[in-house]
Each structure stands twice: as structure tokens, then as C-alpha cells.
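Here is a short briefing for a reader who has not seen this structure before. Please look at the sequence and the model, then read the points below.

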Amino acid sequence: VRPIRKDLRETDMLVPKKNKTLQTLDFDNRFTKELPADPENDNHRREVMGACYSRVHPKKMAEPTLVAYAPEMADALDLTREDCESEAFIETFSGNRLLPDMDPYAMCYGGHQFGHWAGQLGDGRAINLGEIVNQKKERWALQLKGAGPTPYSRTADGLAVLRSSVREFLCSEAMFHLGVPSTRALSLITTGESVMRDMFYDGHPKREPGAVVCRVAPSFTRFGNFQIFSARREIDVLRKLAEHTLRTDFPHLGAPSKKTYIAWFEEVCTRAADMIVHWMRVGFVHGVMNTDNMSILGLTIDYGPYGWLENYDPNWTPNTTDAQGRRYRFGHQPQIAQWNLLQLAYAIYPLIEEKEMMEKTLDDFAKNYENKWQTMMAQKLGLKQSRPEDEDLIAGLLSVLQLTETDMTLFYRNLAHLDVNLESLNTLPDEVLMAPLSEAYYTPERLTDGHKAQIGNWIRQYLFRLKTDGLDNETRRKQMNTVNPRYVLRNYLAQLAIDKAEQGDHSIVKELLELLRHPYELQPGKEAYAQKRPDWARTKAGCSMLSCSS
Ligand code: AMP
Ligand code: MG
């Protein structure tokens, strides 16, 4: 067992920072080097036994065109602007041309979909190009989504349409800039191919432009990667994958052993809790929290029918496939994460065999989540720290947010405008107190006197609480503005970018990418992007309803 990360970290400072080119990226490809491969090397669909991956070839695309690339991601890969604007970049990240050290493969994994074991799933339309180690000695796996069929494509085509690729590309980077753990995106390229999709599975298939996103993450390993081997009782492969994951993604935990596996499971639980707390902070709903869509690193992964809360509604799910059971609704995400962790626990149990220890870790998940959530809520409210007695204030807040359609992002952002120096709170009219929040209401005319009284009372309680902290307005506002974003990828904004991109105009994609690089800053001239959802978007496909068809 080579503790590669540690070795590399020691040499870290010795390496001068100089930009590499595409041609000199350092691929080390540990996933394919260290793990058992499917002996068959072609893309036909099949059950793959006893292997972590299958070597595959990306499909040749007719006419790849660069829509956009993410500068921060390019920089993390040591790529220059010239690289990203070169012909070779487009050819490489559309899958048309492989760099000499790339070793493309699709991963084998399984998963529970909507609560039911689905057997082998795998990278049906994602093709990993290999893993590079950058000059800071960070490991990044590069993956093309929509690059053609693999052994895991089942009945589907292995392709992705432009609309879902725009959504994945923009949201990955938006999440990163918001500080939410996420897989990243390097590039968005249209392929020149058309792809058949029945967007709402209602018998109206239509041709849509195809696209490929190059996703990037330290690794793309999912809960389902472990589940498949334990479901098949391929415990030796399970062990190899777990050892690889520990050495590669969790090197700080030390050499694989029963003890390390327990520490690993604890860390996976902690990371999952952190990720969900962030989702709850910014109003993100994943939409398909199947166990194959849960990253072992606690990264948001697989942007499909996700959505952003506009009006605060814990019961909202953006996914039409989930409309009946609402399993993946906003408010249920922590419970689902715990259920998914339980499935992971079953999968890795053969490595640990400590039932009570694992049960305790799962129980701790709930407690840790709750604590982290309370701390996060205190930050959103600009409180110095969370106190047990704030529970009532927070419960009051969540109830106020649901009185009538209230924009979550605007409400929290504008909460910072409240003035802690206001005197005679008890005699100030509700409407005066509420004024800074007025922008957040979708239908202000529906606010009854009763609602206003409830909101006013909550604001009084909140201001009294703020006074006990003794922070001045400016300090508190600054802090709140680092956790309450002004700009998020509102569902209708992504749709505006898609509508234009489908006509060959990439300007809004680029503008949103730029906007979302600074989600917490006031950006003069960009006020329109901070506004609440316009009425036309209330029931429009893509804005309020999304399907898995992508
Ligand atoms: P998802 O719910 O989108 O994360 O996908 C579930 C499974 O379906 C994964 O194994 C995907 O790789 C696979 N899949 C989704 N879309 C396609 C497609 N267009 N072609 C092949 N496989 C797909
Ligand atoms: Mg998936």
C-alpha cells in the first residue's frame, strides 16, 4: 500500500506553478491501474461481473462546438485560456480525440432507485477519461457525460441533450461558488448530433441538440459502487474498491483495517450531513437522491431534475417522476440521506462486521445533522451562535415562510436589512417592520392582517434576540451576506439560458456562469437575475417541472 497522497504532498512545495498544456497533463489513472477490469473491451450492453469498470471508447461526434468553459476549473487543472480555446480542447472534451495517457472507462455500480434495489446501473452515459494530478498535487478525475453508450447503458442511448447539459454545467459551478460540496464542470460542448427525447414520457418524442459536459471531481465513486459488489457477494472486489477508496480519497484515515473502515463510514456520514445542510441553506432540491447518486465524498452529484426553492415549500419536489410519493422533496432530504447511508452500511458491513458501532454512527448522523442545521440557521439569521432557546425563533421563522408564497432567497437576503437599532418594537406597526421583506412576497395582496401580525411578531422576537448579541447592523449584515446568497440558479434562469442556447445563442449561458461566480456579491446591472420567478415561469416545463429524461 503506497500512501501516494502523502508522498505527493511533501513534494508539493517544490513544484513551481507553471501552466501545463493539454498535452502535458499528468494522468496517473489509479482507478484503472489498481482495480479489477472487465475483460471485455467494447461498448455493447451487458451485465459485468467481478469488475469495477469496463474500458470503453467515447462515441465520435459530428460537429463539436464549444459553448463555454469554467475558468476556475480550468485553472485547477493547470489549463490556460489558450488551451481552453483551442481546437484540441474541443476535440478532447467532446470525446473525439483521446490524449495519449487517457484510459477511458465506465464504472460498474448498482443502486436503490426510489427506495427499490435496481441491480446493475453503472455509467450508462458517463465515460471517465482518467485521473490527473495537478501541480498542487490534487487529484482530479475527468468524466464526459453524454459521450455515447457503454456496457451500462441498458436500453438508453448514452447521450445527453443540451438542455440537461446546460443545467449540469451551470449548476455544478454555481454550487462550487456558493460553497456547496459538488462535482465540478470544465466544459460544455454541443456535439452536432441530434438526440431523441420524450421529455415528459407522454408519447411526444422530439429531436433535441446533443451535448457533452466534462465533469470533474476528486473521484466519482458512489454508494452504489460498493452496493453492487455486496449484493453480488463479490466481497473480494468490494474490499479492493474500499481499499482503493481509502488510499485515494481518504488517505488521512490511514491504512485499511476494520478500525479505519469504521472511521471512514463516520466520515462519509459527516460529509453527507454537511452536504445536506448546505442544500437546506441555499434551497437546493436534488430531485433524485437514489443511492447511485450519492457520492462517497459527500459531493452533490448527478444534476438531473434538480430545482431551487423559489417560494419556500418544504414539500416541493422538482421531479415529475417523484410527484406522487414526493420521496425527494426539499424537507425530506436529510431523512433520505440517512436512509441512503443505511444502505451503504449494509453494503460495507462485510468489511466491518460491527453492527452496533454502525448503528450508532447512523444515529449520530441524525444528531450531527440537527446540530449542524441549527448552526447553519443561526448563521442565516446573523446570530453570533445558536442557542437551544432559538428553537422557537427558528420554528416561528419556518412557519412565517409558509404563510403565503415567499421567495426563500430574497427573504433571507433581505432579512439583513432589518434594523437592530429600532426602538419601541412593540408599538411599531407590522407593516413598517415587514417593509424590508416586501420584495420576497409573490402575492402580497394575499397577505391577510393575520399573516401580517404573525410576521410582525416574528420580526419583533427576532430583533429582540439580535439585540442580545450586541452586534451592530453592519457587522451582522456582512456576516449574513456570506451565507445568504443574492444569486442562485433559479429554475427559470437556467431555462432562459437553454431556450437561447437551443437557438445557437450561448450568451445567457455565459452570462449566468459569470454571474454565479459571485453569488454573495451585489452585482450592479444584474438586479434582474436576483428577482423572484416571473409569473410565466410558474407552471412552465423546465421551470417548475422537470423529468429524468435528459
Ligand atoms: P440517473 O438517475 O440519471 O442518475 O441515471 C440512472 C442510471 O441510468 C445510471 O446508470 C445512468 O448512467 C443511466 N442513464 C441515464 N440516462 C442515460 C442515457 N441517456 N443513456 C444511458 N444510460 C443512461
Ligand atoms: Mg445517476
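A residue counts as buried when its relative accessible area is under 20%, and as exposed when that value is over 50%; partly exposed lies in between. The model discussed here is predicted. The points cover one asparagine and then the cysteines.

- Asn473 has a relative accessible area of 11%, and because the limit for buried is under 20%, Asn473 is buried.
- Asn473 belongs to helix α16, which covers residues 473-480.
- The side chain of Asn473 forms a polar contact of 2.7 Å with the side chain of Asp419.
- A polar contact of 2.9 Å links the side chain of Asn473 to that of Arg476.
- When neighbours within four places in sequence are set aside, the residues in contact with Asn473 are Leu418, Asp419, Val420 and Asn421.

**Cysteines and disulfides**

- A disulfide requires two cysteine sulfur atoms within 2.5 Å, and by this rule the count is zero.
- Cys171 takes part in no disulfide, and the nearest cysteine sulfur, which belongs to Cys543, lies 14 Å away.
- Cys171 is buried, as its relative accessibility is 0%.
- For Cys548, the closest cysteine sulfur is that of Cys171, at 15 Å, so the two are too far apart for a bond.
- Cys548 has a relative accessible area of 27% and is therefore partly exposed.

Terms used: Residues are numbered from 1 along each chain as its sequence is written. Chains are lettered from A and ligands numbered from 1 in the order in which they are written. This is a predicted model: local features need pLDDT of at least 70, side-chain atom pairs count only at pLDDT 80 or more; totals for chains, interfaces and linings use all residues. Side-chain values use heavy atoms; hydrogens and water are left out. Helices (H or I, at least four residues) and strands (E, at least two) are DSSP runs, numbered from the N terminus. Buried means under 20% relative accessible area, exposed over 50%, partly exposed in between (1.4 Å probe, protein chains only). A polar contact is a pair of N or O atoms within 3.5 Å; within protein, one must be able to donate a hydrogen and the other to accept it, and residues adjacent in sequence count only if both atoms are side-chain atoms. Contact means heavy atoms within 4.5 Å.
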